[in-house]
Amino acid sequence: MGSRASRLLREEEIEEIKKETGFSHSQITRLYSRFTSLDKGENGTLSREDFQRIPELAINPLGDRIINAFFPEGEDQVNFRGFMRTLAHFRPIEDNEKNKNPSATEPLNSRTNKLLFAFRLYDLDRDDKISRDELLQVLRMMVGVNISDEQLGSIADRTIQEADTNGDSCISFNEFIKASFVVNIHICTVVLVLVNI
Amino acid sequence: MDVFWAGALWALKIWLYLIILLIMIPSMFGFSLGISEIYMTILVKTLEWATLNIQKANSDEGTLKPSSSNGLIQRENGSMEKELEELRRSRPKPPVGGDFTLSDCFYFIRQGIESIVDDQVTQRFTSEELVSWNLLTRTNNDFQYISLKLTLVYGLGIIVRYCILAPLRITLTVIGVSWLVIGTSAVGLLPNWRIKFWLSELVHVMCYRICARGLSATIRYHNRENKPKKGGICVANHTSPIDIVILCTDGCYAMVGQVHGGLMGIIQRAMVRSCPHVWFERSEMKDRHLVTKRLKDHVNDKKKLPILIFPEGTCINNTSVMMFKKGSFEIGTTIYPVAIKYDPKFGDAFWNSSKHSMVSYLLRMMTSWALVCNVWYLPAMHQQEGEDAVQFANRVKSAIAHQGGLVDLQWDGGLKRAKVKETFKEQQQKKYSNMVVRDDSN
């Protein structure tokens, strides 16, 4: 018994997370089980090392940035609520959600919020623009040592030139949305499979 | 008071005689009185009944559980090239001098998030999750009260396992291990006549059979015509130290391992008196040439027993086979692959060395329902022309994974404790770079 959850998830917490993220009851318990298995220190929070212990994530070129996205500004630990809030961005968009309460705040997994997640991956200093340096940093992470500085620089320049419409040599969020040409947003979703046995 | 002690001693004597007559002697000589078969039949029926009850209760409530065979996520399983092509499809024109779009990052983001939710590696180092609860406290993850009958059976199970089965099994194991030490030392005193080898094999097999009974092991051997022969190396997937007991009840092997202190050291020194095993000092293990030479010398002596090696190097949870270290495949002799698959319903055989010590693990084994496993002897394999040790190792690994119904993984079991090498990330970066800058020399 002590091998799994050192503390069981209370029903009220599950309800709150359900309202905030849109995950179902069973998805939340399943993801809590995953959270506790990653939490080697068994203190109810995850550190960056806990994420880096996942080999498939450690070899991902953007792994560090993705891990960063889970941690609030300046913090080193993320609790289960924070974990779920970030994962919620990747829930598939359901059609019936669009028709629900239109005056309510936009759900975490809306198309815009998915694109915002990717935008924030580039925009490290959170000034709502991707500068040439920030773009170069991410490019360098993705290609490693295989492309020269000059070639990478010209790729970055060309990308900004194509995307920049207001001439400030940076990419704003709106310019990002248009320039990323993402028609099929399902590419930014992770589908959880839960079956009745 | 004296009457009490006399009575207790008398009861203990009866208990011991019963064990020796009914369990030890039949198992030593390889036949069975049928008591454990009856126990297993009752157990299987009880577990089936429990599963039906739980399923009925779950479907009434509408609870959902993950399908364990597919994992938690529905994956696309496309290659990097395919998925990036898909992402870039809606771009107006292919640019010159560098193929990059801002949306390329989505591929890596999705891969990253998928691995955070469910990855192929970290789950192999913890016990396999059961599809349906098997009435053991330790596998009960979400406690839900189902019915009174089920709880009574569960309670009865606890009494049976802890008060009847566990003492029985502990007694048997103690007898088995002591007999191993005494017997092999005794045989070791004999001069090197033919009869010594025969006796040594007999003592080893008998002791392992007693230990197997001490774990209530029901083992089914398949394809015994492929059993490892002298001068070869037997390789198998590794789940726990009990693998050795499982394999050695059906044949004699030379063990390879590190010299330990304490009880293990006594057992090791006793075993090596009656027939040669390969024990290394801790310092010697680091020298790969020394290790290879000693193993080569052993297999070249045709009188010596086949060596038993677990190339994964660490215990994995029996749902997959991880990378085989190439050392044993460089020796150049016949390899006899063996696949071992435990049935997790009756007890979890995986030894999680970071969570349980050896003693605590053995006690857990003795308080499980039983140990049921299948052992498949696969046809012998040789290194082929033009095949290097790593490819040979992968070929053997795939054969074992295929036979045992296990997932064939390329990841190193050493990732249990060590970090993954940077070279894998560099490979990913190189692959992506090729998609950004088409390599004209190709």
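This report walks through two chains of a predicted model, starting with how to read it.

## Reading the model

Residues are numbered from 1 along each chain as its sequence is written, while chains are lettered from A and ligands numbered from 1 in the order in which they are written. Local features need pLDDT of at least 70, side-chain atom pairs count only at pLDDT 80 or more, and totals for chains, interfaces and linings use all residues; side-chain values use heavy atoms, with hydrogens and water left out.

## Chain A: two domains

Let's start with chain A, which splits into domain 1 (11-89) and domain 2 (108-196); these bounds come from an automatic or database domain assignment. Their centres, taken over C-alpha atoms, sit 23 Å apart. On the contact (heavy atoms within 4.5 Å), domain 1 of chain A brings 18 residues and domain 2 of chain A brings 16 residues.

An unreviewed UniProt entry lists "domain: EF-hand" at residues 26-61, 110-145 and 151-186 of chain A. UniProt positions follow the numbering used here, feature names are shortened, and annotations may be inferred rather than shown by experiment. Residues 26-61 of chain A are 61% helix and 0% strand, with end C-alpha atoms 32 Å apart. For residues 110-145 of chain A, the figures are 67% helix, 6% strand and 35 Å. Helices (H or I, at least four residues) and strands (E, at least two) are DSSP runs, numbered from the N terminus.

## Where the domains meet

Together, domain 1 and domain 2 of chain A bury about 1500 Å², 71% of it on carbon and sulfur atoms. Buried area is the accessible area (1.4 Å probe) that two parts lose on being put together, summed over both. L62(A), R65(A) and H89(A) supply 51% of what domain 1 of chain A buries here, more than any other three residues.

On the domain 1 side, α1 (11-21), α2 (25-38), α5 (63-70) and α6 (80-87) of chain A each supply at least two residues.

Over in chain B, an unreviewed UniProt entry lists "transmembrane region" at residues 14-35, 146-164 and 170-190. Residues 146-164 of chain B are 89% helix and 0% strand, and residues 170-190 of chain B are 90% helix and 0% strand. UniProt also places "domain: Phospholipid/glycerol acyltransferase" (unreviewed entry) at residues 232-343 of chain B, a span with 33% helix and 22% strand.

The salt bridge count over all chains comes to 21. One of them pairs D119(B) with R34(A), at 2.9 Å from N to O. D119(B) lies in the loop between α4 (105-117) and α5 (148-188) of chain B and R34(A) in helix α2 of chain A, so this pair joins two chains.

Note on methods. A salt bridge is a side-chain nitrogen of Lys or Arg within 4 Å of a carboxyl oxygen of Asp or Glu.
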